[in-house]
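Work through these exercises with the model open. Each task sentence is followed by a solution in steps.

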Amino acid sequence: MRASQIRRWKTLALGVSAVLVGLALPAATATPASATTTAYDATYYKNAVGKTGTTLKSSLHTIISSQTKLSYSALWDALKVTDQDPSNSSNVILLYSGISRSKTLNGGDSGDWNREHVWAISHGDLTTSTGPGTDLHHIRPEDVAVNGKRGNLDFDEGGSTFTNSGGSKVDSDSFEPRDAVKGDVARMILYMAVRYEGDDGKADLEPDDIVGNGSNPYIGKLSVLKQWNDEDPPDSFEENRNNVIYNTYQHNRNPFIDHPEWVEAIW
């Protein structure tokens, strides 16, 4: 066999090998959030930076537990500021729907928006008394009917879209938010799991990896929430919301918006 033929044969063999290797590779997975730095690392988070696992979770719990608590009725006006439409100051953006709706249409009637508890209040009996059930970090504006569709379902992928869903989906045992806010939902749930550890007379909230948690103080699925955190990193709307809550209302922060990589460091 001549040298030129050998070179052609090797080239063909390498090409076939590459195709076979490509076929054998697993499906691509979300890239874990990369490390970030913030203006708060030397002050607000100084006792948490550099830690991992339960030590990090405990440190963050201590940091974010210092907060001003709002009443349930105070949430109406607060949401009109935290979730204001950047393109229309007269409106708010609805979480699951992505719809821009007039701030004045808050209430309980059809076509109104109301206060959606992302950590469903029945998961641990949060109630709407001042406390975890009124924590602005996990309460968002949503269409009354869409809020009812979500109910107290755990979070997972799958299901069908519905009227005003904005791409969100629901099935018999879970709810999947639209792609643009999947990370937001994950970071709100995991904030709640760190903030409320059962040391304030309230339930110890934790994520787990199942659906159908009912009234237990758990929400799933953790593996999916972690994936969403990586796939949908914090955007300017979410970051601004965190700043407004910190500066104007509760004076505590959602650490997973500032440091999304801390999700993997803890869980």
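At 37% relative accessibility, His251 counts as partly exposed; this class lies between buried (under 20% relative accessible area) and exposed (over 50%), with a 1.4 Å probe and protein chains only. The model is predicted: local features need pLDDT of at least 70 and side-chain atom pairs count only at pLDDT 80 or more, while totals for chains, interfaces and linings use all residues. Residues are numbered from 1 along each chain as its sequence is written, and side-chain values use heavy atoms, with hydrogens and water left out.

**Exercise 1. Backbone angles**

Find where His251 lies and give its phi.

Step 1. His251 belongs to the loop between α7 and α8 (255–258); helices (H or I, at least four residues) and strands (E, at least two) are DSSP runs, numbered from the N terminus.
Step 2. Its phi is positive, about 65 degrees, although His251 is not a glycine.
Step 3. For context, most residues other than glycine have a negative phi, and most peptide bonds are trans.

Step 1. Thr127 is in the loop between β4 and β5.
Step 2. Thr127 is partly exposed, with 28% relative accessibility.

Which peptide bond is cis, with omega near 0 degrees?

Step 1. The bond is the one from Gly220 to Lys221.
Step 2. Lys221 sits in the loop between β10 (218–219) and α6.

**Exercise 2. The packing of α5 and α6**

Describe how helix α5 (residues 182–195) and helix α6 (residues 222–231) pack.

Step 1. The angle is about 125 degrees and the axes are 7 Å apart. Axes are lines fitted to C-alpha atoms, for helices over the stretch in contact, and angles run from 0 to 180 degrees between N-to-C directions.
Step 2. The two helices α5 and α6 are therefore oblique to each other. Angles under 35 degrees count as roughly parallel, over 145 as roughly antiparallel, 65 to 115 as roughly perpendicular, and the rest as oblique.
Step 3. The crossing of α5 and α6 is left-handed, that is, the near helix is turned anticlockwise from the far one by less than a right angle (clockwise would be right-handed).
Step 4. On the α5 side, Lys182, Gly183, Ala186, Arg187, Ile189 and Leu190 make the contact, and on the α6 side Leu222, Leu225, Trp228 and Asn229. Contact means heavy atoms within 4.5 Å.
Step 5. Sorted by class, the contact of α5 with α6 has six nonpolar, two polar and two charged residues. Ala, Val, Leu, Ile, Met, Phe, Trp, Tyr, Cys and Pro count as nonpolar, Asp, Glu, Lys and Arg as charged, and the others, Gly among them, as polar.

How many of the ten residues of α6 are buried?

Step 1. Seven are buried, and α6 is mostly covered.
Step 2. They are Leu222, Val224, Leu225, Lys226, Trp228, Asn229 and Asp230.
Step 3. These buried residues pack against β6 (154–155), β8 (174–176), α5, β9 (206–207) and α9 (262–266).

**Exercise 3. The surroundings of α3**

Describe how α3 and α7 pack.

Step 1. The angle between α3 and α7 is about 135 degrees, with 9 Å between the axes.
Step 2. The pair α3 and α7 is therefore oblique, and α3 passes α7 in a right-handed crossing.
Step 3. Asp77, Ala78, Leu79, Val81 and Thr82 of α3 meet Phe237, Arg241, Val244, Ile245 and Tyr249 of α7.
Step 4. The contact of α3 with α7 comprises seven nonpolar, one polar and two charged residues.

Which residues of helix α3 (residues 74–82) are buried, and what covers them?

Step 1. Leu75, Trp76, Ala78, Leu79, Lys80 and Thr82 are buried.
Step 2. Their cover includes β1, β2, β4 (113–117), β5 (139–143) and α7 (236–249).

**Exercise 4. Strands and a buried asparagine**

Give the strand order of the open sheet that three strands form.

Step 1. The order is β1-β2-β3, with antiparallel pairing; two strands pair if DSSP finds at least two bridges between them.
Step 2. The edge strands, each pairing on one side only, are β1 (84–85) and β3 (100–102).
Step 3. Two bridges join β1 to β2 (residues 88–93), and Gln84 has Val92 as its bridge partner in β2.

Is Asn147 buried or exposed, and what does it touch?

Step 1. Asn147 is in helix α4 (residues 144–150).
Step 2. With a relative accessible area of 13%, Asn147 is buried.
Step 3. Leaving out residues up to four places away in sequence, Asn147 touches Asn114, Arg115, Glu116 and Glu142.
Step 4. Asn114 has Glu142 as its bridge partner in β5, and β4 and β5 pair antiparallel over five bridges.
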